[in-house]
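Please look through the structure shown here with the explanation beside it, following the paragraphs in order. The text begins with strands and then turns to pairs of charged side chains.

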Amino acid sequence: MDHEFFMQAAVEQAQKSLDEGGIPIGSVLVIDGKIVGRGHNQRMQKQSPTLHAEMDALESAGRLTAADYQRSTLYTTLSPCSMCTGAALLYKIPRIVIGENLSFMGEEPLLKSRGVEVIVLDNPQCKALMQKFMQRHPEEWAEDIGEPHQAYD
(Lines give C-alpha, C1' and ligand atoms only; values in the text may rest on other atoms or scores of the structure.)
Protein backbone atom coordinates (compact mmCIF):
# COMPACT_ATOMS: atom_id res chain seq x y z
CA MET A 1 0.00 0.00 0.00
CA ASP A 2 1.27 3.47 -0.85
CA HIS A 3 1.24 5.09 2.58
CA GLU A 4 2.65 8.41 1.34
CA PHE A 5 -0.10 8.78 -1.28
CA PHE A 6 -2.88 8.26 1.25
CA MET A 7 -1.14 10.39 3.86
CA GLN A 8 -1.00 13.22 1.34
CA ALA A 9 -4.78 12.95 1.00
CA ALA A 10 -5.03 13.25 4.80
CA VAL A 11 -2.68 16.28 4.73
CA GLU A 12 -4.99 17.91 2.17
CA GLN A 13 -7.83 17.44 4.63
CA ALA A 14 -5.71 18.98 7.41
CA GLN A 15 -5.01 21.99 5.21
CA LYS A 16 -8.73 22.27 4.45
CA SER A 17 -9.44 22.48 8.17
CA LEU A 18 -6.78 25.14 8.64
CA ASP A 19 -8.14 27.14 5.69
CA GLU A 20 -11.59 27.05 7.35
CA GLY A 21 -10.16 28.39 10.62
CA GLY A 22 -9.91 25.00 12.29
CA ILE A 23 -7.27 22.69 13.69
CA PRO A 24 -5.05 21.20 10.95
CA ILE A 25 -5.71 17.50 11.39
CA GLY A 26 -6.90 15.33 8.52
CA SER A 27 -7.81 11.70 7.99
CA VAL A 28 -8.85 9.26 5.29
CA LEU A 29 -10.28 5.76 5.51
CA VAL A 30 -8.99 3.36 2.84
CA ILE A 31 -10.47 0.01 1.85
CA ASP A 32 -8.92 -2.16 -0.84
CA GLY A 33 -6.66 0.66 -2.01
CA LYS A 34 -9.51 3.16 -2.39
CA ILE A 35 -10.37 6.17 -0.23
CA VAL A 36 -13.91 5.64 1.03
CA GLY A 37 -14.02 8.43 3.62
CA ARG A 38 -12.31 11.79 4.05
CA GLY A 39 -12.41 13.99 7.09
CA HIS A 40 -10.90 16.96 8.82
CA ASN A 41 -11.10 18.37 12.30
CA GLN A 42 -14.16 20.62 12.48
CA ARG A 43 -14.45 21.28 16.19
CA MET A 44 -13.96 25.01 15.76
CA GLN A 45 -15.94 25.38 12.55
CA LYS A 46 -19.02 23.49 13.76
CA GLN A 47 -18.66 24.09 17.50
CA SER A 48 -18.57 20.31 17.96
CA PRO A 49 -16.94 18.52 20.89
CA THR A 50 -16.52 15.30 18.88
CA LEU A 51 -15.81 16.22 15.28
CA HIS A 52 -12.18 15.16 15.12
CA ALA A 53 -10.71 14.29 11.71
CA GLU A 54 -10.90 10.52 12.23
CA MET A 55 -14.54 10.72 13.35
CA ASP A 56 -15.33 12.88 10.31
CA ALA A 57 -13.65 10.37 7.97
CA LEU A 58 -15.65 7.51 9.48
CA GLU A 59 -18.84 9.57 9.20
CA SER A 60 -18.18 10.47 5.56
CA ALA A 61 -17.55 6.80 4.72
CA GLY A 62 -21.12 6.10 5.77
CA ARG A 63 -22.47 2.85 7.06
CA LEU A 64 -20.06 0.00 6.36
CA THR A 65 -20.13 -3.68 7.19
CA ALA A 66 -17.91 -5.20 9.87
CA ALA A 67 -16.00 -6.97 7.09
CA ASP A 68 -15.33 -3.62 5.39
CA TYR A 69 -13.85 -2.10 8.53
CA GLN A 70 -11.77 -5.21 9.18
CA ARG A 71 -9.90 -4.77 5.91
CA SER A 72 -9.52 -1.00 6.14
CA THR A 73 -6.66 1.32 7.00
CA LEU A 74 -7.19 4.63 8.78
CA TYR A 75 -4.72 7.37 7.89
CA THR A 76 -4.45 10.34 10.22
CA THR A 77 -2.04 13.24 10.26
CA LEU A 78 -1.74 13.12 14.06
CA SER A 79 -1.65 10.32 16.63
CA PRO A 80 -5.29 9.52 17.51
CA CYS A 81 -6.80 10.65 20.82
CA SER A 82 -8.76 8.39 23.16
CA MET A 83 -12.08 9.07 21.41
CA CYS A 84 -10.78 8.31 17.92
CA THR A 85 -8.85 5.30 19.19
CA GLY A 86 -12.07 4.01 20.73
CA ALA A 87 -13.89 4.28 17.41
CA ALA A 88 -11.09 2.42 15.61
CA LEU A 89 -11.15 -0.32 18.23
CA LEU A 90 -14.95 -0.56 18.18
CA TYR A 91 -14.95 -1.20 14.44
CA LYS A 92 -11.84 -3.40 14.56
CA ILE A 93 -9.85 -1.32 12.08
CA PRO A 94 -6.65 -3.38 11.81
CA ARG A 95 -4.14 -0.71 10.74
CA ILE A 96 -3.64 2.97 11.52
CA VAL A 97 -1.02 5.02 9.70
CA ILE A 98 -0.03 8.17 11.58
CA GLY A 99 1.62 11.19 10.02
CA GLU A 100 3.34 12.25 13.23
CA ASN A 101 3.21 11.72 16.98
CA LEU A 102 5.67 14.30 18.29
CA SER A 103 3.14 17.13 18.64
CA PHE A 104 0.75 14.80 20.45
CA MET A 105 1.06 11.19 21.50
CA GLY A 106 -2.35 9.61 21.46
CA GLU A 107 -3.38 6.11 22.41
CA GLU A 108 -0.85 4.21 20.33
CA PRO A 109 0.09 1.83 23.17
CA LEU A 110 -3.59 0.89 23.60
CA LEU A 111 -4.00 0.32 19.88
CA LYS A 112 -0.92 -1.91 19.78
CA SER A 113 -2.03 -3.84 22.88
CA ARG A 114 -5.28 -4.66 21.06
CA GLY A 115 -3.47 -5.96 17.97
CA VAL A 116 -3.78 -2.90 15.74
CA GLU A 117 -0.82 -2.35 13.44
CA VAL A 118 0.41 1.20 14.06
CA ILE A 119 2.73 2.80 11.51
CA VAL A 120 4.22 6.24 12.22
CA LEU A 121 5.56 7.99 9.12
CA ASP A 122 7.21 10.93 10.90
CA ASN A 123 5.94 13.15 8.09
CA PRO A 124 7.56 16.63 8.11
CA GLN A 125 4.51 18.27 6.53
CA CYS A 126 2.25 16.96 9.31
CA LYS A 127 4.69 18.15 11.97
CA ALA A 128 5.01 21.62 10.44
CA LEU A 129 1.24 22.11 10.22
CA MET A 130 0.71 21.14 13.86
CA GLN A 131 3.68 22.98 15.33
CA LYS A 132 2.73 26.22 13.60
CA PHE A 133 -0.88 25.90 14.75
CA MET A 134 0.05 25.02 18.34
CA GLN A 135 2.31 28.07 18.59
CA ARG A 136 -0.28 30.45 17.11
CA HIS A 137 -3.40 29.04 18.80
CA PRO A 138 -2.43 27.36 22.09
CA GLU A 139 -5.90 27.78 23.64
CA GLU A 140 -7.68 26.07 20.76
CA TRP A 141 -5.15 23.26 20.71
CA ALA A 142 -5.48 22.67 24.46
CA GLU A 143 -9.26 22.62 24.10
CA ASP A 144 -9.06 20.06 21.29
CA ILE A 145 -7.15 17.58 23.45
CA GLY A 146 -9.14 18.29 26.61
CA GLU A 147 -6.33 20.03 28.48
CA PRO A 148 -6.15 23.34 30.31
CA HIS A 149 -4.40 26.03 28.28
CA GLN A 150 -0.63 25.83 28.28
CA ALA A 151 2.10 27.36 26.16
CA TYR A 152 3.70 25.19 23.46
CA ASP A 153 7.22 25.73 22.16
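This is a predicted model: local features need pLDDT of at least 70, side-chain atom pairs count only at pLDDT 80 or more; totals for chains, interfaces and linings use all residues.

To find one point of contact between them, look for I96, whose bridge partner in β5 is V118. Between the two strands the chain passes through helix α6, made of residues 108-113, and the β-α-β crossover that takes the chain from β4 to β5 in this way is right-handed.

Side chains of opposite charge can pair when their charged atoms come close. Here the side chains of E117 and R95 form a salt bridge, with a distance of 2.9 Å from N to O. E117 belongs to strand β5 (residues 117-120) and R95 to strand β4 (residues 95-100), so that this pair links distant parts of the chain, 22 residues apart. E117 is partly exposed, because its relative accessible area of 39% lies between the limits of 20% and 50%. R95 is also partly exposed, with a relative accessible area of 23%.

How many salt bridges does a search of the whole structure find? The search finds six, and another of them lies between the side chains of R43 and E143, at 3.5 Å from N to O. This pair, too, links distant parts of the chain, since R43 sits in helix α2 (residues 43-46) and E143 in helix α8 (residues 138-144), with the two residues 100 apart. Are the two partners buried or exposed, or something in between? R43 counts as buried because its relative accessibility is 10%, which is under the limit of 20%. E143, by contrast, has a relative accessibility of 43% and therefore counts as partly exposed.

A further salt bridge is formed by R71 with D68, and the closest N and O atoms of this pair are 3.1 Å apart. Its two partners also fall into separate classes of accessibility, for R71 is partly exposed at 40% relative accessibility, whereas D68, with a relative accessible area of 17%, is buried. To place this pair in its setting, return for a moment to E117 in β5 and R95 in β4, which are linked as a pair across the chain. Apart from such pairs, salt bridges that share partners join D32, D68 and R71 into one network.

Methods: Residues are numbered from 1 along each chain as its sequence is written. Side-chain values use heavy atoms; hydrogens and water are left out. A salt bridge is a side-chain nitrogen of Lys or Arg within 4 Å of a carboxyl oxygen of Asp or Glu. Helices (H or I, at least four residues) and strands (E, at least two) are DSSP runs, numbered from the N terminus. Buried means under 20% relative accessible area, exposed over 50%, partly exposed in between (1.4 Å probe, protein chains only). Two strands pair if DSSP finds at least two bridges between them. A crossover is right-handed if, with the strands pointing away from the viewer, the path from the first strand over the helix to the second runs clockwise.
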